[in-house]
Amino acid sequence: MTDVIKIKKGLDISLKGGAFPEVQSASYTENYALCPTDFHGLIPRVLVKEGEQVLAGTPLVADKNKPEILFVSPLSGVVSAVKRGEKRRLLAIEIRADQKNAALSYPVRNPLDMDGVKVKEALLEAGLWPYIKRRPYDVIANPRVEPKAIFISAFDTAPLAPDYAFILKGQGHDFQTGLNALTKLTKGKVHLSIPAGSGSGELKNAQNVEIHRFEGPHPAGNVGVQINHIDPINKGETVWTVNALDVLFIGRFFNKGRVDFSRLVALTGPEVYEPRYYRCVAGIQLSALLKGNVHKEIPLRYISGNALTGTRVEMDDYLGAYDSQVTVLHEGTDVHEFAGWVMPRLNMFSMSKTYFTGLVQKICPRKQFDADTRILGGERALIMSGEYEKVFPMDILPEKLVRACITRDLEKMEELGIYEVAPEDFALCEYVCTSKVEVQKQVRTALDLLKAENGEE
Amino acid sequence: MKALRKLLDKIKPAFEKGGKLSMFHSVFDGFETFLFVPNRTSQSGTHIHDSIDSKRAMFVVVIALIPALLFGMFNVGYQHYLAIGQAAGFFQTFFWGALAVLPYIVVSYVVGLGIEFTIAQFRGEEIHEGFLVTGMLIPLIIPINTPLWMVALATAFAVIFVKEIFGGTGYNIFNVALMARAFLFFAYPSKMSGDSVWVSLKDYFGFGQEQATIDVYTGATPLGQAAIAGGDNLVLTGITGEPLSWWDTFLGLIPGSIGETSVLAILLGGILLIYTGIASWKIILSVFAGGAFMAILLNIFAVNPYMEMPFWEHWCLGGFAFGAFFMATDPVTASRTEKGKWIYGFLIGLLAILYRVLNPAYPEGMMLAILFMNIFAKFIDYLVVQNNIKKRLKRARIAQ
């Protein structure tokens, strides 16, 4: 057991609509989908045709560049549509689920008895590989390159984030099996980061991994921040990252001998009537969670994921592959706020002391704030300095790195540590930015550029 | 508010592309966003944004300048009635001062905003808020007797050649307001220093008069007196010839540029700037530290009374405090790295006192010190960045 790593910089954005710790089943739907757009940078090759019968675990799509990486159906049914967008870009493979829940079957195995190559093959075959991501670039891991280490974040500090300890409760066996499998994939260590003071037995008692305790505001739960504090990535090195909730998929696969993509999803946000957890399966159509549960009279923004890094979706879109959270916010296009920039805005959250958020929070510590998706200002050149630094707890100069990204200065980016970061690490910078710069977009573009430049697939 | 919103919605189409008044699009947009928060929503990245925007940030700086402005108005009146030897009540004094100062504010804003609006429209951009602060700073850092046309000229010069040709707010290298002052200082030196520019003698609607009547009358600022003082005695006096105490210089009822004299008023605004985090407390603190360091150094090697002046007196004289709080902290032209801010501020304080004491040609060193360090801010940042890069390289080498 190591010492607690204290994160000082950061910001906990307090919003209304956190999920109550109670679980309900999502209402029945037969609409599910696999969306290749959830996997950044993927060039998909479709393996099925419309009307084809599939089982849970049947490959639907393969990576064109690395055909061994498969993306599988979350449950059994019929391929109802292969949806394409502009330039025939593959958007979704829609599945009409039957209620049989039949799956491709595999032998039940203990990963500790297998060698690494076999574990890797099993994960690739079962379609679980896409849940392993890599840094640099924050894309699906390359199975042909062995990582220096694997990092797992077992908590989420983003606004209204689901409580991992609550979700993992009672699934310790699957979680441990998943961890065991991951230990076989690297000669280095597997690092599990848990919140300091966590009482969760599933997390505290995890075996075969190195446990690190973190304390502090968001982004302490971001795996990028944890890597930077535990064992930073140097140029030329690769690490893999897995979300603790996705480790469950891996564990269940080995324990049950079949894929099982069921998830607990936190439905959150100020516009949700009853924010709580829903039991469902990955790729579910979101209307099954949302219908009748949101304030309909105002324009709404549906987000698969959290309010900082999530993906904008519509009600009949599908749950993102990596997401265990859905957020619903007021869109705000109907709001005409008079002279907002001089008003006290007591009900709106701000890191800046030009507003009274800190004071309000001191008076009523449980105060939660409204938020809508307005940008709340005009885009400007970077004017204020020191803002990003306050919410960026890594040994990196965030503003300088963002500037290098904006100017597409590859050499500078490398020198300033671009290989260690993912766009999500800059989400808070984007949130607090007075000049409303689209920071995450800039970082993502820069990472893509760098990846192409380095000739990586 | 609803009626106003309706009116805006009604006339908006005329200002949009293809509309009759599309040539005023930026101006309309500027006024619209001034009145109503734009309801544009996030299309990429984070779905929520902090309530702060550049309007709010600039607004806070303007609020922070108000104590210095009000005090400046009062002091202008106070110096006037002192010079003409009349007793005047508080309100009369303030009223006279306000009449004298207001034209400068109007001229600075009209000229500056006029240019900003035009350029924004020309570029098809939104109007940037930077000039809201600059427009208030310029009147506060000039002597009260500066002719209005000079202020207009200096403002135009600064906005166009210091800011806009570099790309606008956020891209300028030099502090815009200070460059306006530097322009005046070098183009019209006789109007920017000496002993006849600091006390206004005018007649506004029968208030005040144009002739000084008191016997002992020197209009020079304390720093101006110090710069030309020879011999072994350095006694700084007010315009009536009464010696000034440290307390007088702190309160600020002394001749000087309009907004710079009262450290107390500056401090009031400064506390707001530091509390809200709009100005970097690191820069402010290190400017004062740098000034104290140099003053003590000069004390040690003192050969004349001016070099013996203790640092707390230096802090309260001239534009030192005003520069530290409002000029050095301009985030665009200051160092942008946290470590860099310490070095940047320290060197400003150090250079300001050095210029002030050892170079009699420039009675006030603050303006030149800040402009000089504006150039070096980027270099300081470069060193800090290189240090970070080196650390990363070293880590990589150890790992191999």
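User: How many of the 457 residues in chain A are buried, as a percentage?

Analyst: Buried residues make up 54% of the 457 in chain A. A residue is buried if 20 or more other C-beta atoms lie within 10 Å of its own, exposed if 12 or fewer, and partly exposed in between, with C-beta atoms placed from the backbone. Bear in mind that this is a predicted model: local features need pLDDT of at least 70, side-chain atom pairs count only at pLDDT 80 or more, and totals for chains, interfaces and linings use all residues. Residues are numbered from 1 along each chain as its sequence is written, while chains are lettered from A and ligands numbered from 1 in the order in which they are written.

User: What makes A:Leu160 count as buried?

Analyst: A:Leu160 has 25 C-beta neighbours inside 10 Å, so it counts as buried. Its phi is near 65°, a positive value in a residue other than glycine. You'll find A:Leu160 in the loop between strand 12 (149-153) and helix 2 (164-168) of chain A. Helices (H or I, at least four residues) and strands (E, at least two) are DSSP runs, numbered from the N terminus.

User: And how do you know whether A:Arg345 is buried or exposed?

Analyst: Count again: 21 other C-beta atoms lie within 10 Å of A:Arg345, so it is buried. A:Arg345 has a positive phi too, about 50°, although it is not a glycine. Its loop runs between strand 20 (325-330) and helix 8 (357-363) of chain A.

User: Why point out those phi values?

Analyst: Because most residues other than glycine have a negative phi, and most peptide bonds are trans.

User: Why is chain A called as compact as a globular protein of its length?

Analyst: Chain A has 13 helices and 20 strands. Its radius of gyration is 22 Å, close to the 23 Å that the globule rule gives for 457 residues, so chain A is as compact as a globular protein of that length. The radius is taken over C-alpha atoms, and the rule is 2.2 Å times the number of residues to the power 0.38.

User: Over in chain B, why are helix 3 and helix 5 called roughly parallel?

Analyst: Helix 3 (residues 54-83) and helix 5 (residues 130-140) of chain B pack at about 15°, with their axes 9 Å apart. Angles under 35 degrees count as roughly parallel, over 145 as roughly antiparallel, 65 to 115 as roughly perpendicular and the rest as oblique. Therefore helix 3 and helix 5 of chain B are roughly parallel. Axes are lines fitted to C-alpha atoms, for helices over the stretch in contact, and angles run from 0 to 180 degrees between N-to-C directions.

User: What kinds of residues make up the contact of helix 3 with helix 5 of chain B?

Analyst: They divide into 10 nonpolar, 2 polar and no charged. Ala, Val, Leu, Ile, Met, Phe, Trp, Tyr, Cys and Pro count as nonpolar, Asp, Glu, Lys and Arg as charged, and the others, Gly among them, as polar.
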